[in-house]
Amino acid sequence: MTIREQMEEREKEYLSPCATLSMASRGRKRNEPQCDIRPVFQRDRDRILHSKAFRRMKQKTQVFLLPIGDHYRTRLTHTLEVSQNARTIGKALRLNEDLVEAIALGHDLGHTPFGHAGERALNNVCPCGFKHNEQSVRVVEVLEKQGEGLNLTWEVIDGIRNHKSAGMPATLEGQIVRLSDKIAYVNHDIDDAVRAGIMNEEELPKELRKVLGNSKRERLNTLTHDVIVNSMDKPKICMSEEVREALMELRAYMFTHVYENPLAKGEEDKAIRMIEDLYSYYETHMEKMPEQYLKQLQKGEMPEIAVCDYIAGMTDNFAVKKFEEIFIPQSWKF
């Protein structure tokens, strides 16, 4: 019996009856030999962790565009906080922690430069539309490894695709990530907004602080415990009505006071125009894109999709660099 098979047997003995067993995975689109050490979801986690798209998230906006200071969240640190929250919940519920972690680490791989501003820009200009969750799936299925994709399991792909509010993952592990995403960004975005001087903790509505707590630590403790207590040995991941409503009200408060705040978002129009201009340029100068994307065109890919793939994969800094190269005269650069 291999080490992997021994681990799969231990999953059967220890994990909850509601957990997704590695040996019961629906498999991959392309069949391949099993690893002798790692179960399938652990293997998926490793593939995501070593991908180029994962590394690029370190220079992609979470909320604040190119902030001055080293302690603001990026798309990568957001992803790590989602993973930490989700693994804590998954372990307590005796669900498959490898599957939880793989989905969490992969859920935002397709995010654009400049956060949701970049996503809106591509959605505006691309006739096919653009959604970062679908792009994340495209990254792992098509774009990574020079067009080969990562060949992940069905369960990981499902969790990545359905991590947004409008979706509902088929596995409890995916449902944990979907909820942990909200728990993470609401709390760390408060922390960043306080750092930016846009708000302070005392400004949060008293009724929400009464339910959730008066600090990030207290809120995370309340939310994590509530999910665990209300989901234990149940076929779905859920929260108490009081805490769920408080979380949604806090999220709505953040949209009004932070996500749509002119101080936080004053530069977004510039970022949107930059992305739209880059799209227009590459749409008519496709030969300027890297070879990987030209190969997609040769395989019959729609031109607008190939352009979106290239721009969505850019970091904030790289997008600014390409914009300067294309649109700023050399004599104007200092």
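Is His-111 buried or exposed? With a relative accessibility of 1%, His-111 falls under the 20% cut-off, so it counts as buried. That goes for a predicted model, as do the views below.

View 1. Look for His-111 in the loop that links helix 5 (97–106) to helix 6 (115–125). Leaving aside residues up to four places away in sequence, His-111 touches Lys-60, Arg-75, His-116, Glu-119, His-132, Ser-136 and Ala-312.

**View 2. The annotated HD span.** An unreviewed UniProt entry puts the feature "domain: HD" at residues 75–186.

**View 3. Helix 16 and what covers it.** Helix 16 (residues 303–312) has 9 of its 10 residues buried, so it's largely enclosed by the rest of the structure. The buried ones are Glu-304, Ile-305, Ala-306, Val-307, Cys-308, Asp-309, Tyr-310, Ile-311 and Ala-312. Ala-312 also turns up among the contacts of His-111. The cover over these buried residues includes helix 6, helix 7 (132–147), helix 14 (268–284), helix 15 (291–298) and helix 17 (316–327).

**View 4. The cavity.** Searching the whole structure turns up 1 cavity of 30 Å³ or more, and the largest cavity holds about 40 Å³ of space. Its lining is made up of Ser-16, Cys-18, Leu-93, Leu-95, Leu-172, Ser-231, Met-232, Asp-233 and Lys-234. Sorted by class, that's 5 nonpolar, 2 polar and 2 charged residues.

Technical notes: Residues numbered from 1 in each chain as written. Predicted model: local features only at pLDDT ≥ 70, side-chain atom pairs only at ≥ 80, totals over all residues. Heavy atoms only, no water. 1 Å grid on protein atoms, 1.4 Å probe; cavity = no way out; pocket = protein on both sides within 12 Å on 5 of 7 lines; lining within 4 Å. Points joined across faces, edges and corners; volume = space filled by probe spheres on them. Nonpolar A, V, L, I, M, F, W, Y, C, P; charged D, E, K, R; others polar. Helix = DSSP H or I, 4+ residues; strand = E, 2+ residues; numbered from the N terminus. Buried < 20%, exposed > 50% of the residue type's maximum accessible area, 1.4 Å probe, protein only. Contact = heavy atoms within 4.5 Å. UniProt positions renumbered as here; feature names shortened; annotations may be inferred.
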